[in-house]
Amino acid sequence: MRPESEDAVTTAPAVPRRRTATARPGAQTLRRLLRQPAFLIGSVITFVFVLVAITAPVLAPHDPAAPLLLDQVRAQSNPVPLPQEGFPLGGDPAGRDLLSRLIAGAQQTLIVGVMATLGGFVGGIALGLVAGVFAGKVDMLVMRAVDVMLAIPSLLMAFSIAALFAHPSEWTLILTIAIVQVPVFARLMRGSMLVQRETDHVLAARALGVKPGAIVFRHMVPNALGPVIVQATLSLAVSILDAAALSFLGLGNPDDGRPEWGQMLGGAQQYFNSFPHLAIYPALCIIVVALGFTLMGESLRETLDPRTRR
């Protein structure tokens with residue numbers, strides 16, 4: 001006969017083990033972001049801006065290039081149409097609806113900002129990848145060129161590059177800002193690649209005889225892109241400000257039939273004393289949109305970087 005204690009142990013029902021619920025890293029990051037008021041405010045501003053830019057042709061009440069109020073423009077007594085029915089913000093000195101031009105300007109600002117940041121992102125990743133993978137003279141040559149570009153104030157370098165083009169346009173504006181953004185992304189990508197070279201999974205892959213190309217593009221690059229993508233959010237705000245500054249100085253798209261906020265701000269200077277709203281409205285649009293992208297980028301950086309995480 002078996003002892004009673006042995007039978008009790010044998011026939012006792014198995015107690016199910018409790019599974020420890022571990023949230024995925026992406027869900028944890030999202031929860032931390034949603035607890036930050038700065039991220040929520042920046043997200044709302046960015047969402048509204050993108051929505052207005054995408055739906056600008058439908059949302060604008062009038063054609064932004066049509067001088068619908070031209071008959072009200074008087075060279076001396078009333079050079080700017082005042083707000084009235086159907087035109088809540090009035091018109092500009094050419095008789096065009098100011099509200100429609102602000103809405104259309106959001107679309108041009110989004111195009112220039114995104115395209116310029118994307119160009120700087122791709123160019124910077126390419127340079128940073130070359131510098132991070134190849135050591136020695138290649139790394140030194142690339143980084144010395146990057147250091148020279150970073151030593152020049154970004155806005156001053158943008159002015160210098162834009163002035164080289166005989167006929168400024170929207171594409172020259174995008175190219176100028178993209179070139180200015182390249183060294184920022186290059187240095188950040190190079191630093192991330194150097195960190196990834198010494199990680200355990202990369203060292204293990206080398207020990208197992210994995211090909212260098214597979215190590216770089218399967219193990220190093222995907223993990224190195226995180227900080228660079230976060231930087232792209234911050235660079236969008238810088239691109240918008242640089243584009244506005246260049247357009248303000250007449251180095252952007254000269255076609256005022258396709259309005260841009262910096263261009264509108266520059267054209268309103270001679271009327272600022274009598275009609276300050278012509279400059280205030282586009283200036284507020286630039287400030288608010290740049291603030292939205294900055295709040296989002298700073299929140300992402302603080303959340304993803306454990307050294308700055310609150």
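**Exercise 1. Find which residues line the largest cavity, and sort them by class.**

Step 1. The lining consists of Gln108, Val112, Glu170, Leu173, Ser247, Gly252, Asn253, Arg258 and Glu260. A cavity is a set of points on a 1 Å grid over the protein atoms alone where a 1.4 Å probe fits but cannot get out, and lining residues have an atom within 4 Å of a point.

A word on the model: it is predicted, so local features need pLDDT of at least 70 and side-chain atom pairs count only at pLDDT 80 or more, while totals for chains, interfaces and linings use all residues. Residues are numbered from 1 along each chain as its sequence is written, and side-chain values use heavy atoms, with hydrogens and water left out.

Step 2. Sorted by class, this lining has 2 nonpolar, 4 polar and 3 charged residues. Here Ala, Val, Leu, Ile, Met, Phe, Trp, Tyr, Cys and Pro count as nonpolar, Asp, Glu, Lys and Arg as charged, and the others, Gly among them, as polar.

Step 3. Now look at the helices (DSSP runs of H or I, at least four residues, numbered from the N terminus). Both α5 and α8 (170-197) give at least two residues each to the lining of the largest cavity.

Step 4. The space inside the largest cavity is about 50 Å³, where a volume is the space filled by probe spheres set on the grid points, joined across faces, edges and corners.

**Exercise 2. Work out which helix gives the largest share of the lining of the second largest pocket.**

Step 1. A pocket is an open set of points with protein on both sides within 12 Å along at least five of seven lines. The second largest pocket holds about 240 Å³.

Step 2. Its lining includes Asp92, Arg96, Arg101, Gln263, Met264 and Leu278.

Step 3. The largest share, 3 residues, comes from α11. By class, the lining splits into 6 nonpolar, 2 polar and 4 charged residues.

**Exercise 3. Decide whether Asp92 is buried or exposed.**

Step 1. Find Asp92 in the loop between α4 (56-59) and α5.

Step 2. Asp92 is buried because its relative accessibility is 7%; buried means under 20% relative accessible area, exposed over 50%, and partly exposed in between (1.4 Å probe, protein chains only).

Step 3. Leaving aside residues up to four places away in sequence, Asp92 touches Pro81, Arg101 and Leu278, where contact means heavy atoms within 4.5 Å.
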